[in-house]
Protein chains: 2
Amino acid sequence: MEDLVTSSEPCDDTPKRKPRADSVRNRARLLAAAADVFRAGGPDASLEAVARSAGVGIGTLYRHFPTREALFQAVYRREVDELVELARRLGDGDTAPLEAIRAWLRASVRMVATKKGMIAALAPAVDASAEIYVDSAARIRGCLARLLERARAAGQVREDITPDEILRVMIGLAYSRDQLGWQESVVRLLDIFVDGLATHPDRPPLST
Amino acid sequence: MEDLVTSSEPCDDTPKRKPRADSVRNRARLLAAAADVFRAGGPDASLEAVARSAGVGIGTLYRHFPTREALFQAVYRREVDELVELARRLGDGDTAPLEAIRAWLRASVRMVATKKGMIAALAPAVDASAEIYVDSAARIRGCLARLLERARAAGQVREDITPDEILRVMIGLAYSRDQLGWQESVVRLLDIFVDGLATHPDRPPLST
DNA sequence: TTGAAAACGGAGGCAGCCTCCGTATATTGC
DNA sequence: GCAATATACGGAGGCTGCCTCCGTTTTCAA
C-alpha cells in the first residue's frame, strides 16, 4: 500500500527517453491558459477556448488531459501549490505570526474569488473523496496548521481553534454569495474573524 | 411600485381569447417531462431530451420556456407547490404535530434527493435574490412555520428553534454529499434531529 | 545524419443550443 | 356549421462545443 507507483522500481514504465521539449512546453501553456479561461468562465468554460488560448490544437489538449476533470484537477493542484508555497514563505519570513495567517487567508479568498470556478474545487476540500481533493485538502490543512501552530507558540491566538475550523469559516464565507463586492465583504469578515482569534486573556474560550 | 403588471388594469394585455387547448396540454407535458429529465440528469440535462420526452418539437419547448432557467424555475415552482400542499394536508390531518414535521422533512429530502438537480434550486432557498427563489423560500418557510407552530402549541417541541434553523439543517444535510446511500443517511440524521426537537423538560435550551 | 518514437493539430462525426418560418389548428364571429 | 385569423406547432438549419482518429511534423538518440 506504499509503493503503488513511486518507489519500487524507479524507472520501469518510462525509462525510455527524456520527455520531449515541446510536450513540456505545451503542457505548461495549457495549464496557464486553462487557469485564465476557467478564471473567466467558470468550470464549464470551453476546452476549445483553452486550446486556442494556449496556441495548441485541441488534440494536444486532449492528449495531455484526457478529460475536463483531469485538466481541472491539474489547474487546481497548481493553485494549491501556490497557496502552500505562500504559507511557507509567510511562515519562514519575519511576518508576525497572526498577520501571516491573515495574509494567507486573504490570499486564499482572493484566489478563490477571482477564479470563481475554483469554488467548486475548494468546497470539496472540506469533505470529498476524489483522491486529489483529499490530498490537496490535507496539504492545505497542513500548511494552515503550521501557520497556526507558530502563532500559538507565540501566544498570539487562542488555544481552542483548529485549522479545520478556520478553513471552514473561509470556505463557508466564500461559498455563499457571489454578488458584487462580495469579495471585499468576505475579506473584511475574515479580518474581523482573525481579530477575534487574537489572544484575549480575559475572555473565556469558545464553548465548542 | 405596486401595480407593475398585476393590479391596475385587470385584463389588458391578454383579454383576447382563452388559451388554446393544445398549448395548455403541451405546457403540462413539458413540465412533466422536464421534471423527469432533470430528475435523472441534473440541471444540465438536454432540453432536446425534454422536448422529445414530452413528444413535442424543440420549438414548442422554447416558445413556452424561452430559457433553460425559465423551464427550471417552472419545474421548481411545481415542486414547491407539492411541498406546500403536503404541509397543508399534514397540518390539517390528525397526524401528531411532531410526526407531521418528521414526515414533511422526509418528503422534502426525498424530493431533493431523487431529483438531485433540485438541490441547486433548493440551496438558493436559503439566501438568494432570484425573485422566484425568494418567493418560494418564503412559502416553504411559511408552511414549515405553521407545522412548527402547531407542534409548539401542543407542547411537543422545544421553544428555541426556528423554521429557518430546521430548513438550514435539512438543506445543509442534503447539500453536502452525494455518495451511495446518502439519502438514507440524511433521512436518518433528520429523524434523530427531530427526536432532539421533541420537548425534554429537563434539558436546558440551546445556547443559540 | 537519420530513423523511429513521440507529439502535434485539426478534420470530422456527433450532440446540444437556439432561431426562424412555413404549416397546422383552435377559437371566434357570423 | 363555416370561414377568417390569431395562435401554436415542429423541425430544419446555423452555430458551438465535445471528443476521436490519423496523417504530418518534430524531437531525441544512436
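A:Phe38 is buried, at 1% relative accessibility; buried denotes under 20% relative accessible area, exposed over 50%, and partly exposed the range in between (1.4 Å probe, protein chains only). A:Phe72 is likewise buried, with a relative accessible area of 6%. The model is predicted, so local features need pLDDT of at least 70 and side-chain atom pairs count only at pLDDT 80 or more, while totals for chains, interfaces and linings use all residues. Side-chain values use heavy atoms, without hydrogens or water; residues are numbered from 1 along each chain as its sequence is written, and chains are lettered from A and ligands numbered from 1 in the order in which they are written.

Over all chains, the structure holds 2 aromatic pairs. Rings of Phe, Tyr and Trp (its six-membered ring) pair if their centres lie within 6.5 Å; planes under 30 degrees apart are stacked, over 60 edge-to-face, and the rest tilted. The ring centres of A:Phe38 and A:Phe72 are 5.1 Å apart and the planes stand at 70°, so this pair is edge-to-face. It links distant parts of the chain, with A:Phe38 in helix α1 (residues 21-41) of chain A and A:Phe72 in helix α4 of chain A, 34 residues apart. Helices (H or I, at least four residues) and strands (E, at least two) are DSSP runs, numbered from the N terminus. In chain B, B:Phe38 and B:Phe72 form an edge-to-face pair, 5.1 Å centre to centre with 70° between the planes. B:Phe38 belongs to helix α1 (residues 21-41) of chain B and B:Phe72 to helix α4 of chain B, 34 residues apart. B:Phe38 is buried at 1% relative accessibility. B:Phe72 is buried at 6%.

Nonpolar packing was examined next. A nonpolar core is a set of buried Ala, Val, Leu, Ile, Met, Phe, Trp, Tyr and Cys residues joined through side-chain atoms within 4.5 Å. The largest has 28 residues, of which A:Trp104, A:Leu105, A:Ile140, A:Leu147 and A:Ile166 touch the most other members. In chain A, α4 (68-92), α5 (97-114), α7 (132-153), α8 (163-175) and α9 (182-197) each supply at least two residues of this core. Helix α5(A) gives the most, with 7 residues. Leaving aside residues up to four places away in sequence, A:Leu147 touches A:Ala87, A:Leu90, A:Gly91, A:Ala100, A:Ile101 and A:Trp104; contact means heavy atoms within 4.5 Å. A second, separate core of 27 residues includes B:Leu86, B:Ile101, B:Leu167 and B:Met170.

A search of the whole structure finds 15 salt bridges over all chains. The criterion is a side-chain nitrogen of Lys or Arg within 4 Å of a carboxyl oxygen of Asp or Glu. A:Arg88 and A:Glu85 meet at 3.0 Å, N to O. Both lie in helix α4 of chain A, 3 residues apart, about one turn of the helix. A:Arg88 is partly exposed at 42%, and A:Glu85 is partly exposed at 31%. A:Glu85, A:Arg88, A:Arg89 and A:Asp92 are linked in a network of salt bridges.

In chain B, the side chains of B:Arg139 and B:Asp81 form a salt bridge of 2.4 Å, N to O. B:Arg139 lies in helix α7 (residues 132-153) of chain B and B:Asp81 in helix α4 (residues 68-92) of chain B, so the pair ties together parts that are 58 residues apart in sequence. B:Arg139 is partly exposed at 27%, as is B:Asp81 at 33%. B:Arg88 forms a salt bridge with B:Asp92, the closest N and O atoms being 2.8 Å apart. These two residues are 4 residues apart in helix α4 of chain B, about one helical turn. B:Arg88 is partly exposed at 41%, whereas B:Asp92 is exposed at 58%.
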